[in-house]
Amino acid sequence: MTLITVENLGVRYGANNVLRHVDMRIEPGEIVTIVGPNGSGKTSLLRAIIGATKPSAGKVSLRPGLKIGYVPQKLHIDPTLPISVERFMRLTDRVSRKQCEDALESAGVPHLLKRQMSQLSGGQFQRVLLARALINRPDVLLLDEATQGLDQPGSAAFYRQIEDVRRETGCAILMISHELHVVMSASDRVICLNGHVCCEGSPAVVASAPEYRALFGTGTGGALALYRHDHDHNHDHCENSQEAAE
Amino acid sequence: MLDDFMTRATLAGVGVAFAAAPLGCFVVWRRMAYFGDATAHAAILGVALSLTFQMSVFTGALAVALVMALTVTLLAGRGYAMDTLLGVLAHSALAFGLVAVSFLSGVRIDLMAYLFGDILAVSRSDLIVIWGGAALVVALIAWRWSQLLTATLNEELAYASGFDPKREQLILTLALAVTVAVAIKVVGVLLIAAMLIIPAAAARNLARSPETMALIAAAIGAFSAVAGLRAAYVFDTPAGPSIVCVAAILFACFSLVGWQAQRRD
């Protein structure tokens with residue numbers, strides 16, 4: 001049974017029409033990646049799915065009783081807030097220590113249980129976020145640019161971990177990413193978004209679609225432009241390089 | 001036992017410390033320090049209004065603090081930066097409050113009592129209001145603890161877990177207004193923010209989890225109230241400021257301990 005159904009979704013902030021006529025379905029066990037330039041409405045789509053943004057048109061329906069695991073884009077923990085990995089894992093779900101350990105194990109960081117969140121490296125932090133999302137055995141995992149701030153090998157390893165998670169738990173995965181060349185290989189389906197769904201299909205189909213090429217350029221040139229801007233932590237600059245790439 | 005004014009004052013101070021500690025932790029974690037200040041400053045307008053309409057000071061202060069806190073929440077993120085907005089609202093409310101008080105002819109008002117508190121004049125009925133309000137705040141925060149913590153960490157995480165972070169923000173706002181209203185008599189509007197922030201900030205150096213931080217903050221706040229009152233009695237200093245001074249000294253000591261511990265790590 002379909003996990004998430006998005007029908008004719010529209011989202012607007014004031015006069016700014018961010019999303020229009022978006023249709024999308026997520027089936028059990030599939031890995032779907034949403035790609036699109038900055039400001040294309042990727043995060044808005046994810047926010048609409050979790051109910052953080054009210055649609056201005058259309059609707060989002062979730063399968064009754066659907067369990068969502070969410071990995072946020074970035075999570076800032078104020079330095080004045082002391083919290084251990086274990087306490088963080090138990091934030092919203094009543095879970096045993098064994099479940100915490102198991103979830104950390106499947107996220108590839110089994111030894112971090114007693115550490116303070118503030119002591120983790122960027123990669124460890126993202127994996128703990130992943131583990132927290134996995135802890136209540138979700139039917140679908142949502143990841144919003146979960147590899148921001150990781151270096152190239154780091155994010156490649158992170159995506160391999162995602163594939164492992166799918167293989168082990170069978171949960172569906174919907175993720176947003178900039179890192180096309182890494183993500184493409186891991187995905188069953190790619191949705192190219194720019195306010196509306198430009199094109200969708202298997203990674204190979206999307207990569208050769210004219211709509212996709214119009215957005216991201218052709219061949220390695222396009223991938224390289226994206227690759228470069230992924231490694232740039234300055235967002236304003238990101239947009240500039242995006243425009244340059246276009 | 002409650003016949004002794006020092007006993008009543010001590011109980012009042014400890015009551016406020018208990019409410020302020022867990023709330024103060026959230027104020028620190030969410031960087032709402034100025035927000036607490038603004039709400040407290042606005043309360044002086046509430047004092048003026050309650051004297052005009054002959055209501056209890058608690059009711060007037062609570063109403064204005066609530067209106068202030070809700071206004072700030074509504075206006076946040078609409079044009080002005082938060083600190084600008086709070087600077088405008090807090091000091092305007094304080095100024096209007098002071099002007100309004102000056103219109104009250106016939107009643108001689110000791111303004112100092114509301115600006116810096118009048119803990120030695122706490123009555124039995126004040127004690128009931130203070131402990132009732134403190135119990136309400138502690139119960140509210142304990143009830144929503146996990147949700148408040150999640151909403152503090154990340155808004156989307158809260159939505160994905162099935163609750164609305166805006167409602168949690170509203171609960172904190174409500175708790176803040178109640179705390180301000182009950183704390184006026186104890187430390188006065190100018191020092192309420194100190195009772196929120198200093199114990200929580202001092203506790204950070206000793207705590208390893210959010211829960212222990214709130215408990216340690218409560219202990220530091222309560223100790224400051226007891227020791228501050230004692231010092232005020234011995235040295236004949238103003239009571240409210242003396243309590244805050246003790247808290248500040250504890251903050252300095254624990255920060256030194258914290259830095260030492262960090263250097264060893």
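This dialogue explains how to read several features of a predicted model.

Trainee: How are residues, chains and ligands labelled here, and what limits apply to the model?

Mentor: Residues are numbered from 1 along each chain as its sequence is written, and chains are lettered from A and ligands numbered from 1 in the order in which they are written. The model is predicted: local features need pLDDT of at least 70, side-chain atom pairs count only at pLDDT 80 or more, and totals for chains, interfaces and linings use all residues.

Trainee: How many helices and strands does chain A have?

Mentor: Helices (H or I, at least four residues) and strands (E, at least two) are DSSP runs, numbered from the N terminus. Chain A has ten helices and nine strands.

Trainee: In what order do the six strands of the open sheet lie?

Mentor: Two strands pair if DSSP finds at least two bridges between them. In chain A the order is E5-E6-E7-E3-E8-E9, with mixed pairing. Strands E5 (68-71) and E9 (197-201) of chain A are the edges, each pairing on one side only. Neighbouring strands of this sheet are turned by 15° against each other on average, direction ignored.

Trainee: In which sense do E5(A) and E6(A) pair, and which helix packs there?

Mentor: E5(A) and strand E6 (residues 140-144) of chain A pair in the parallel sense over four bridges. Within E6(A), Leu143(A) is the bridge partner of Val71(A). Helix H4 (residues 122-134) of chain A packs on the sheet, touching E5 and E6 of chain A, and its direction makes about 170° with that of E5(A). Here, a contact means that the C-beta atoms of two residues, placed from the backbone, lie within 7 Å. Axes are lines fitted to C-alpha atoms, for helices over the stretch in contact, and angles run from 0 to 180 degrees between N-to-C directions.

Trainee: How many residues of chain A are in contact with chain B?

Mentor: On the side of chain A there are 18 residues, in contact with 20 residues of chain B. Helix H1 (42-50) and E5 of chain A each supply at least two residues of that side of chain A.

Trainee: Is Ala40(B) buried or exposed?

Mentor: A residue is buried if 20 or more other C-beta atoms, placed from the backbone, lie within 10 Å of its own, exposed if 12 or fewer, and partly exposed in between. Ala40(B), in helix H2 of chain B, is buried because it has 32 C-beta neighbours inside 10 Å. The C-alpha atoms of Ala40(B) and Leu190(B) are separated by 7.1 Å, although these residues are 150 residues apart along the chain. Leaving aside residues up to four places away in sequence, Ala40(B) touches Val180(B), Val189(B), Ile192(B) and Ala193(B).

Trainee: Which value of phi does His21(A) have, and where is His21(A) placed?

Mentor: His21(A) has a positive phi of about 50° although it is not a glycine. His21(A) lies in strand E2 (residues 16-26) of chain A, and it counts as partly exposed because 13 C-beta neighbours are inside 10 Å.

Trainee: Where is Gln54(B), and what is its phi?

Mentor: Gln54(B) is in the loop between helix H2 (33-52) and helix H3 (57-75) of chain B. Its phi is near 55°, a positive value in a residue other than glycine. Gln54(B) is exposed, with 8 other C-beta atoms within 10 Å.
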